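Take a look at the chain below before reading on.

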Amino acid sequence: MSATQSTAAGKVLEVLAAFDREHPSQTLSEIAQRTGLALSTAHRVVVELATWGALERAEDGSWHIGLRLWEITSGCPRTQILRDAALPFMQDLYEATHENIQLAVREGTELVFVERIAGHRSVELLTMVGTRFPIASTGMGRVLLAHAPREIQEDVLGSPMRAWTSHTVTEPKALRTQLDRIRREQVFVSDRQLSENTVAVAAAVRIGRAGPVSAALGIVITARGASRAHGLREPLLRAAHGISDELGRRTRTTA
């Protein structure tokens, strides 16, 4: 549906969708341009959203996402239960490694990062909480893809894949073999697949030890310290199992 044909609710969603990591703050003219809405329409929608608290205006006149919208989205049940269960284990894992610890979920053929713990000495990452990537782009994404429904896997394998670095595996047959190995070995070491500077170690998080895969847990280290990756497999797997057990317990409690 085009901007000129969308409903009132559709126009609101179009304005909100105009804000992302690359465009966190925009002028009214930029919002109108990105949404395709007439300037007068964009102004009306922006004012309504600002009155409600979904948008806030900066001193320079630009607009950004408001606190009230963040308060609502932070209560998303799918991620809130997961984050509450995972955070103690992520904190323990960080204390043991002092590296980036990340948690991500799958949405369609993308992964979304929902939590992260990092210290000031941790390697700088391309990923942040709330960012999305094609699911085959990262080590955590490949773990999620390995356990995704068959139609999702075939969709990804049948589509062109971006080579983020010279090490990125994009050939479908090689990726299929990699996914088989992930399912067998439980822990996957992603060597400079997304960035020349990072190596990731990732494992699946389930709902209960034998339940469906709910998320992926990962440790990201500098590529210069790649020799450490093997030693991180066991603590990562213990943490993933701990989160899985906790998710299973919480699911049984609320059922």
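What follows is a short report on a predicted model.

## The chain as a whole

The model is predicted, not experimental. Its secondary structure comes to nine helices and nine strands. The C-alpha atoms fill a box of roughly 55 × 40 × 40 Å along the principal axes.

How does the radius of gyration fit a compact globule? For 255 residues, such a globule would have a value near 18 Å. The chain has 20 Å, which agrees. Buried residues make up 44% of the 255 residues. Of the contacts with a separation of 6 or more, 55% are between residues 24 or more positions apart.

## Helix 8: span and ends

Helix 8 covers residues 172-185, 14 residues in total. From first C-alpha to last, helix 8 reaches 20 Å. That is close to the 20 Å expected at 1.5 Å a residue.

Which residue caps the N-terminal end of helix 8? The cap is E171. A side-chain oxygen of E171 lies 3.0 Å from the backbone nitrogen of K173.

Four names make up the buried set of helix 8: L175, Q178, L179 and I182. Seen down the helix axis, these buried residues fall within an arc of 100°, so they line one face of helix 8.

What covers the buried residues of helix 8? The cover includes helix 6 (139-146), helix 7 (150-157) and strand 7 (187-191). On the other side of helix 8, K173 and R184 are exposed.

## S137: a buried serine

S137 sits in the loop between strand 6 (132-134) and helix 6. Is S137 buried or exposed? Its relative accessible area is 4%, under the 20% cut-off, so S137 counts as buried.

The side chain of S137 makes a polar contact of 3.0 Å with the side chain of W164. Leaving out residues up to four places away in sequence, S137 touches W164, Q193 and L194.

## S166: an exposed serine

S166 also lies in a loop, here between helix 7 and helix 8. Its relative accessibility is 65%, over the 50% cut-off, so S166 counts as exposed.

Which side chain does the side chain of S166 join through a polar contact of 3.3 Å? The partner is E196. S166 and S195 are 29 residues apart along the chain, and their C-alpha atoms are separated by 9.4 Å.

## V199: a buried strand residue

V199 belongs to strand 8 (residues 198-206). The relative accessible area of V199 is 2%, so this valine is buried.

What does V199 touch beyond residues up to four places away in sequence? Its partners include V189, S190, D191 and R192. Among them, too, are I219, V220, I221, T222 and A223. A226 and A229 complete the list. E151 is 48 residues from V199 along the chain. The C-alpha atoms of V199 and E151 are separated by 28 Å.

Terms used: Residues are numbered from 1 along each chain as its sequence is written. This is a predicted model: local features need pLDDT of at least 70, side-chain atom pairs count only at pLDDT 80 or more; totals for chains, interfaces and linings use all residues. Side-chain values use heavy atoms; hydrogens and water are left out. Helices (H or I, at least four residues) and strands (E, at least two) are DSSP runs, numbered from the N terminus. The expected span of a helix is 1.5 Å times one less than its number of residues. Buried means under 20% relative accessible area, exposed over 50%, partly exposed in between (1.4 Å probe, protein chains only). The arc is that of the directions from the helix axis to the C-beta atoms. Contact means heavy atoms within 4.5 Å. A polar contact is a pair of N or O atoms within 3.5 Å; within protein, one must be able to donate a hydrogen and the other to accept it, and residues adjacent in sequence count only if both atoms are side-chain atoms. The radius of gyration is taken over C-alpha atoms; the globule rule is 2.2 Å times the number of residues to the power 0.38.
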